[in-house]
Amino acid sequence: EDWQSKIADELKDYNVTLYNPRRTDWDKTWVQDIENEKFNEQVTWELEHQEEADIIIVYFDKNSKAPITFLELGLFSNPKKMIIFCPKGFYRKGNIDIVAKRYNLTLTETWEDFVKELKNKIDETQNIKKSKMREKEQQKKLKTKILGDIETFIDKNKKDPEKIIEI
């Protein structure tokens, strides 16, 4: 199932970058070996982009065994970053439920809830980034003001070097 395209469509009005590991030139016959350049490139790309991502969405397809998805769940479980879709009927849903509960991960069972949680997480993440940007801007303004005050003090006291202290 091409759920990634569905997510891209759901988020068309959001200012986000989606890293989609699905590639049109993927060849199922590639030997899954570290020495296979194409295979190694794909796996490395996926790992690097999950490490870089603000949000990781994990999708367990009811009709798949999903060994790589399980691996990624284990590697990147982080309640601040991860949202999981695992529908009723998935063959190892109990395992997913227990891991999600234990590590406080957002777990959804329906597509609608999955999309809702993702949009909420995007909004939350973007608000945090905006807040950090405002804080950095305030720090920059304060630093500029302090430097200006120091320059003013030095200019006013050039005639009396005793008042000038080394900073």
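**View 1. Five helices and three strands in a predicted model.** The protein holds 5 helices and 3 strands, where helices (H or I, at least four residues) and strands (E, at least two) are DSSP runs numbered from the N terminus. Starting at that end, their order is α-α-β-α-β-α-β-α. Residues are numbered from 1 along each chain as its sequence is written, and in this predicted model local features need pLDDT of at least 70. Side-chain atom pairs count only at pLDDT 80 or more, while totals for chains, interfaces and linings use all residues, and side-chain values use heavy atoms, leaving out hydrogens and water.

**View 2. The C-alpha trace along its principal axes.** Here the trace spans about 80 × 40 × 35 Å.

**View 3. The largest nonpolar core.** Such a core is a set of buried (under 20% relative accessible area, 1.4 Å probe, protein chains only) Ala, Val, Leu, Ile, Met, Phe, Trp, Tyr and Cys residues joined through side-chain atoms within 4.5 Å. Among its 14 residues, F60, L73, M82, I84 and I96 touch the most other members. Strand 1 (56–59), helix 3 (67–76), strand 2 (82–85) and helix 4 (93–102) each give two or more residues to this core.

**View 4. Around I84, and a second core.** Look for the contacts of I84 (heavy atoms within 4.5 Å): leaving aside residues up to four places away in sequence, its partners include V58, L73, A100, L107 and F114. A second, separate core of 12 residues includes L11, I83, W111 and F114.

Key. Buried < 20%, exposed > 50% of the residue type's maximum accessible area, 1.4 Å probe, protein only.
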